[in-house]
Amino acid sequence: MKIITSPKEMKDFAHSAKAEGRKIALVPTMGALHEGHFSLIDRAKELADIVVVSIFVNPTQFGPNEDFDKYPRQLEEDLKGCADHGADAVFTPSTSDIYLPDASTFVVEEEISQHLCGKSRPKHFRGVTTVVSILFNIVQPDVAVFGDKDAQQVAIIKRMVRDLFMDVEIVSAPIVRDENGLAISSRNKYLDKLERIGAARIHEALLAGKKLVDGGSLNIDRVKALVINSVTNAKTRVIYVEVVDRETSLPVNEIVPGKSRISVAVWFGQTRLIDNIEI
Ligand code: AMP
């Protein structure tokens, strides 16, 4: 497995692979890799000849009071995980490799990113679309794999790729959960053992919402109220619960079974967690 830090070397690697007619898949990550990330690498291996995993904690997607500094970093362990899952290359640039000191160009999606996480994290998606564009330009993937855990992010990237005629296919992979149902996340490291078990309540709340819809209730307010009530306890503070279109992640006025999703974000103690379920 090749470990590449410089954008120039990454571009050269991609050019050679393409010149040999090989298809490249990119799995963009911020590291602290876990089973959710590994499932994306496994999926990428099915889709392309060469799998590149990027590990880059992207400063532009963190707000001023967010956890950029304390975000978990464990490169050695991550490299081992990537090798174990058969990645061909890991691209792990430094911040100054990606953003020149006077960088002044951003990529902004202006509709989907106004909603859900975009409301409480105003510049978050601007940072995501910008860094993903930069990574696409450097790695030149034919396909890129993202997780449904960040369903709004997937919708925004798909919209960006469509709107900007980018030559890359976006594939999303299912949410990987721990044994209690909690969606695995690098931020779960902030939770202690008991909190981890408690946070499984988020998935239980989503399942309760789904059950209500499966039982025939298409009343959005009822579904949202049930999810909010089920998720709320002394430890949680709900940031949003929304019923959205499954493809675009835009909020909807009516539930269409098979085409909708319930998306939630909650503060669990000091930790911001997101999750969703298709309904
Ligand atoms: P991150 O490192 O948190 O930026 O995530 C990198 C990629 O892994 C994103 O596409 C996430 O949606 C995906 N991902 C994170 N957690 C999970 C999970 N539990 N299941 C599936 N994909 C995930």
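How many residues apart in helix α2 are R43 and E46, and about how many helical turns separate them? They are three residues apart, so about one helical turn lies between R43 and E46.

Before the close-ups, a quick note: this is a predicted model, where local features need pLDDT of at least 70 and side-chain atom pairs count only at pLDDT 80 or more, while totals for chains, interfaces and linings use all residues. Residues are numbered from 1 along each chain as its sequence is written, and side-chain values use heavy atoms, with hydrogens and water left out.

**View 1. R43 and E46 pair up within helix α2.** Side chains of opposite charge can pair when their charged atoms come close. Here the two side chains meet in a salt bridge (3D cut-off: a side-chain nitrogen of Lys or Arg within 4 Å of a carboxyl oxygen of Asp or Glu), at 2.6 Å from N to O. R43 is partly exposed at 29% relative accessible area, whereas E46 is exposed at 60%. (Buried means under 20% relative accessible area, exposed over 50%, and partly exposed in between, using a 1.4 Å probe and protein chains only.)

View 2. Helices are DSSP runs of H or I with at least four residues, strands are runs of E with at least two, and both are numbered from the N terminus. In α3 (residues 75–84), the buried residues are D78, L79, G81 and C82. The buried residues pack against β1, α2, β3 and β4, with contact meaning heavy atoms within 4.5 Å. Just after α3, look for G86, which takes a positive phi of about 80°.

**View 3. D142 and K18 meet in a salt bridge.** Their N to O distance is 3.6 Å. D142 lies in the loop between α6 and β5 and K18 in helix α1, so this pair ties together parts that are 124 residues apart in sequence. Both ends are partly exposed: D142 at 25% and K18 at 32%.

View 4. R196 belongs to helix α8, while D178 is in the loop between β6 and α8.
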